[in-house]
Amino acid sequence: MDPGAVAAAELMKHRPCPHCGARARMEEDSELRWVCGVCGGPRVPVEEEAAHSEREREELVKAGRAKKMAFTYRIASIGLSLTGALLAALGVALGAASVAVGAVLLAAAVAAIAAAIVYGRRAHAKREEAKKSTFDAWESVAEALLKVRGSEATAEQIAREMRTTVEDVERMMSFLSVDNRVRIVVKDTELVYTTEAAAIEAQAIMESEEENVDAAHSAGADPRRR
């Protein structure tokens with residue numbers, strides 16, 4: 001783990017985990033980005049306290065539950081697959097001695113394998129649900145960070161604060177902009193992000209300044225006309 005990741009893992013020790021309540025360091029996770037080092041529940045490694053909200057906590061709790069259910073379904077799927085394979089082997093072995101016994105065992109094997117497939121699909125669905133809830137939690141924190149800033153921010157700046165990649169931030173911002181929760185602005189050939197309210201306020205200030213300039217020009221032009 002690089003020094004930046006180590007710092008990110010350490011910085012949230014003072015905040016209790018929303019899943020187990022432990023004040024522990026975080027660890028990187030291939031699916032859920034960052035997780036609690038004690039219970040494995042997903043977390044968002046942002047130091048700014050004002051960026052954390054009840055919505056984030058709710059989404060992280062949902063993701064944690066989905067992750068646990070996905071693990072349970074996966075274990076069930078593996079167990080049923082092994083059971084099905086064993087029953088099929090017994091069915092083939094005993095089929096020569098008793099066709100009826102072999103047929104029963106093979107039917108049970110098919111049922112077990114079919115159930116394993118069902119549980120495998122449920123495990124996949126729960127993993128996707130965990131990823132989505134985790135993404136929603138990160139979205140809420142990204143939006144809150146912009147509100148805390150009260151101004152514009154680039155993807156690089158947000159990625160640095162959230163200990164993630166620029167591509168990840170751009171993806172979050174694209175979803176937030178679709179919901180009109182974030183405004184994407186082109187400034188100096190670079191994309192910057194701001195909240196809708198801040199963008200409206202900035203637009204109003206700019207329009208007011210333009211009106212003042214026009215008024216000043218008009219006032220300065222009057223003497224010349226006379």
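A residue counts as buried at under 20% relative accessible area, as exposed at over 50%, and as partly exposed in between, using a 1.4 Å probe and protein chains only. By that rule, 35% of the 226 residues of this protein are buried. The model is predicted: local features need pLDDT of at least 70, side-chain atom pairs count only at pLDDT 80 or more, and totals for chains, interfaces and linings use all residues. Residues are numbered from 1 along each chain as its sequence is written, and side-chain values use heavy atoms, with hydrogens and water left out.

**Overall layout**

- The protein has six helices and five strands.
- Both kinds of element are DSSP runs, numbered from the N terminus: helices are H or I over at least four residues, and strands are E over at least two.
- Along the sequence, the elements follow the pattern α-β-β-α-α-β-α-α-β-β-α.

**Transmembrane annotation and the helix pair**

- The unreviewed UniProt entry places the feature "transmembrane region" at residues 71-93 and 99-119.
- UniProt positions are given here in the numbering of this structure, feature names are shortened, and annotations may be inferred rather than shown by experiment.
- Residues 71-93 are 100% helix and 0% strand in the model. The C-alpha atoms at the ends of this span are 33 Å apart.
- Residues 99-119 are also 100% helix and 0% strand. Here the end C-alpha atoms lie 30 Å apart.
- Helix α2 covers residues 54-95, and its axis comes within 6 Å of the axis of α3.
- The two axes cross at roughly 165°. Axes are lines fitted to C-alpha atoms, for helices over the stretch in contact, and angles run from 0 to 180 degrees between N-to-C directions.
- α2 and α3 are therefore roughly antiparallel to each other. That label applies to angles over 145 degrees; under 35 counts as roughly parallel, 65 to 115 as roughly perpendicular, and the rest as oblique.
- The crossing of α2 and α3 is left-handed. This means that the near helix is turned anticlockwise from the far one by less than a right angle; clockwise would be right-handed.
- V118 sits in helix α3. V118 is partly exposed, with a relative accessible area of 41%.
- V118 and A76 are 42 residues apart in sequence, and their C-alpha atoms are 9.9 Å apart in space.

**The nonpolar core**

- A nonpolar core is a set of buried Ala, Val, Leu, Ile, Met, Phe, Trp, Tyr and Cys residues joined through side-chain atoms within 4.5 Å.
- The largest such core has 25 residues. Those with the most contacts inside it are V44, I158, M162 and M173.
- Two or more residues of this core come from each of α3 (99-149), α4 (155-162) and α5 (166-178).
- α3 gives the most to this core, with eight residues.
- V44 lies in the loop between β2 and α2. V44 is buried, at a relative accessible area of 1%.
- V44 and T134 are 90 residues apart in sequence, yet 8.6 Å apart in space, C-alpha to C-alpha.

- Strands β1 (residues 26-29) and β2 (residues 33-36) pair in the antiparallel sense over four bridges. Two strands count as paired if DSSP finds at least two bridges between them.
- Three residues separate β1 and β2 in this hairpin.
- E27 stands opposite V35 in β2.
- R33 belongs to strand β2. R33 has a positive phi of about 70° although it is not a glycine.

**The three-stranded sheet**

- An open sheet of three strands has the order β3-β5-β4, with antiparallel pairing.
- β3 (153-154) and β4 are the edge strands, and each pairs on one side only.
- β4 (residues 182-187) and β5 (residues 190-195) pair in the antiparallel sense over six bridges.
- K187 has E190 in β5 as its bridge partner. I184 has Y193 in β5 as its bridge partner.
- Two residues lie between the strands in the hairpin of β4 and β5, where D188 takes a positive phi near 55°.
- N180 is found in the loop between α5 and β4. N180 is exposed, with a relative accessible area of 54%.
- N180 has a positive phi of about 60° although it is not a glycine.
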